[in-house]
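Subject: Handover of a protein structure

Dear colleague,

Please find below the structure that I am passing on to you. My notes on what was found in it follow, and I would ask you to read them with the structure open.

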Amino acid sequence: QGAKYKDPRQPLNARVEDLLRRMTLAEKIGQMSQIDQENATAGVISNYFIGSVLRGGGSVPAADAPPEAWVEMVETIQSAAVSTRLGIPAMFGIDAIHGHGYVYKATVFPHNVGLGYTRDPELAKKIGAAVALEVRATGIPFIFAPCLAVCRDPRWGRCYESFSEDSKLVQQMTSIISGFQGEIPASSRLGAPFIAGQRNVAACAKHYVGDGGTTRGINENNTVATFHQLLGIHMPPYYSAVIQGVSTIMVSYSSWNGVKMHANRFLVTDFLKNKLRFRGFVISDWLGLDRITSPEHADYPLSVKLGILAGIDMVMIPYQYKEFRDDLTLLVQNGTIPMSRIDDAVRRILRVKFTLGLFENPYADTSLAGELGKQEHHDLAREAVRKSLVLLKNGKPGDEPLLPLPKKTHGSILVAGSHADDLGRQCGGWTIKWQGLTGNNLTAGTTILDGIKRAVGPAGTDVVYSESPDAGFIQRNKARFDYAVVVVGEHPYAETAGDNLNLTIPAPGPGVIRNVCGGIRCVVVLVSGRPLVVEPYIDAIDALVAAWLPGTEGQGVADVLFGDYGFTGKLSRTWFRTVEQLPMNVGDAHYDPLFPFGFGLETQPL
Ligand SMILES: OC[C@@H]1[C@@H](O)[C@H](O)[C@@H](O)c2nc(CNc3ccccc3)cn21
């Protein structure tokens, strides 16, 4: 009679216990090991009983690889895993943090910063469901999303991965988890992981906890806060995530009051696992154990001891899998780490794998291939772009509002700026490449300029595009133009590369604003991951729109600029005057923003 753990009719816990008791220490440690796909050969997977693989480093099956190529890559890994003695399937994970951004022609949604301004949890849930389908189209069942950071300082390079500075708004947007994983039934046991089926994925709430509260927004640095402040500001999104059955939680690189989160047993085990009853698995970040020491990897046995005893269940190693196995084996054999800790980790990992249905469905459902880049997902992303835009100024004092712009004009429309016709810049980081790209060849989508041309095309209005018109051009031609759209902003970045203490609009943006707005009525569209310094230009600008990082659907910006839809977005981040004021968040005693939390002008659709 077949082993109980292979029988899907058996209760989940019976399957877990039956499998656990059959496992050797090497097989248990293998399940706790996540390696990068670059070293995930069939030999390594079978010899080390690897439990999980991620796409981290930068490799893709091939440039512009279609879903089938991703499916094949994941299948190669999976067939090695299921061929091991106990046939435990592996779990492939990827950063699908604003859509399946690493995959060519996937729908790229606005980054979380933009979704926060929509203040629309139902929309977030629909986006989660669409992303899950696009991820499953590539045969992948596990994503490192959503980021639940409560970004308290926009100087942080990852602030665009945060829905808001306000904990309650971030909590509302955790509804995206119910999109990714499916809606948890009311009867479910608190804290148990939930995944509805093969069209859903295991989500990962990250980075636990306080990643968005570091000093001056320095990435991976120290969050100074009382326990009360930590619970009040950074913890609430995790309550909501656990209640929705989030399957995994990733630990933050940052420290709380000088203690590395990756070594924080009180917060990971006592609080998250015991008090909040979280029963999925806790995963480290990339080299997260190594970075417990400084310099990183200075004492790996110590790192492994502290990380595993803190309560980390799966380690994103991602390359030193031999060293990890050897060090952990020794720590268990010499009694430093009790087998009960190892068994807790493996139980949690197996619970998620059984809940994911991986034992019954280890391979992709190839009928989902058509979900990647599906038109209705693009339409959903376009709706999200429309709702994410925030109108900060609409006409100078005494002037008529400039927005919505007329599609039919006597003269021409001038479109200028480095971000008007650049798909890579409007997508931002974590798109095709970790740090993102510039240009229009990275994937499929519409730029903001494309959107403007399509909007006014039927009216026959002439659109002139000049990326960086000089003062002479404007002086000679200003009579030709009824108005100008200037699209400038930040260049793609991710993580520490995005840490920025001055938050000025990168050159040549300010110059283009001054040249164009000095001679023509202008609307400035800012493409950025966060509020930037705009006070020096605000008087010269007729209208100001914050578009954040809209993703592949640049059309959504034109939809609202031209009045097909009204502006509805409200700031979910305080817009500071100067960086000297930072950190400055809604509710602070000293609060003197240029535009306050909740601000956003509205227009009616034409
Ligand atoms: O990409 C895996 C994780 C990601 O989920 C975490 O949010 C983030 O903190 C994180 N940082 C790295 C390290 N940087 C890196 C990113 C992509 C490729 C190679 C290294 C990996 N990861």
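Are C151 and C159 buried or exposed? Both C151 and C159 are buried. Please bear in mind throughout that this is a predicted model.

**Disulfides and other cysteines**

The structure holds two disulfides. One of them joins C151 to C159, with a distance from S to S of 2.0 Å. The torsion about this S-S bond is about -105°, so the disulfide between C151 and C159 is left-handed.

The other pair is C517 and C522, whose sulfur atoms are 2.1 Å apart. Here the torsion about the S-S bond is about 110°, and therefore the disulfide of C517 and C522 is right-handed. C517 is buried, its relative accessible area being 7%, and C522 is buried with a value of 0%. When the bonded cysteines are counted along the chain, the pattern of the disulfides is 1-2, 3-4.

C147, by contrast, is in no disulfide; the nearest cysteine sulfur belongs to C151 and is 9.2 Å away.

**The protein as a whole**

The secondary structure comes to 20 helices and 17 strands. For 606 residues, a compact globule would have a radius of gyration near 25 Å, and the protein agrees with this, since its own value is 25 Å. Along the principal axes, the C-alpha atoms fill a box of roughly 85 × 50 × 45 Å.

Of the 606 residues, 64% count as buried. The protein exposes about 20,600 Å², and carbon and sulfur atoms supply 52% of that area. Among contacts between residues at least 6 apart in sequence, 77% join residues at least 24 apart. As for charge, there are 58 positive and 60 negative charges, and their mean positions are 5 Å apart.

**Points to inspect in the backbone**

Two cis peptide bonds may be examined in turn. The bond from I317 to P318 is cis, with omega near -15°. P318 lies in the loop between β11 (315–316) and α13 (321–333). A cis peptide bond also joins L403 and P404, where omega is about -5°. P404 is located in the loop between β12 (390–394) and β13 (412–416).

Which value of phi does R216 have, although it is not a glycine? The phi of R216 is positive, at about 55°. R216 is found in the loop between β5 (204–208) and β6 (222–223), and at 45% relative accessibility R216 counts as partly exposed.

N257 likewise is not a glycine and has a positive phi, of about 50°. The loop that holds N257 runs between β8 (255–256) and β9 (259–260). With a relative accessibility of 39%, N257 counts as partly exposed.

Yours sincerely,

A colleague

Key
Residues numbered from 1 in each chain as written. Predicted model: local features only at pLDDT ≥ 70, side-chain atom pairs only at ≥ 80, totals over all residues. Heavy atoms only, no water. Helix = DSSP H or I, 4+ residues; strand = E, 2+ residues; numbered from the N terminus. Rg over C-alpha atoms; globule rule 2.2 N^0.38 Å. Buried < 20%, exposed > 50% of the residue type's maximum accessible area, 1.4 Å probe, protein only. Contact = heavy atoms within 4.5 Å. Areas by Shrake-Rupley, 256 points an atom, 1.4 Å probe, with all protein chains shown as cover. Lys, Arg positive; Asp, Glu negative; His and termini not counted. Charge placed at Lys NZ, Arg CZ, Asp CG, Glu CD. Disulfide = S-S within 2.5 Å.
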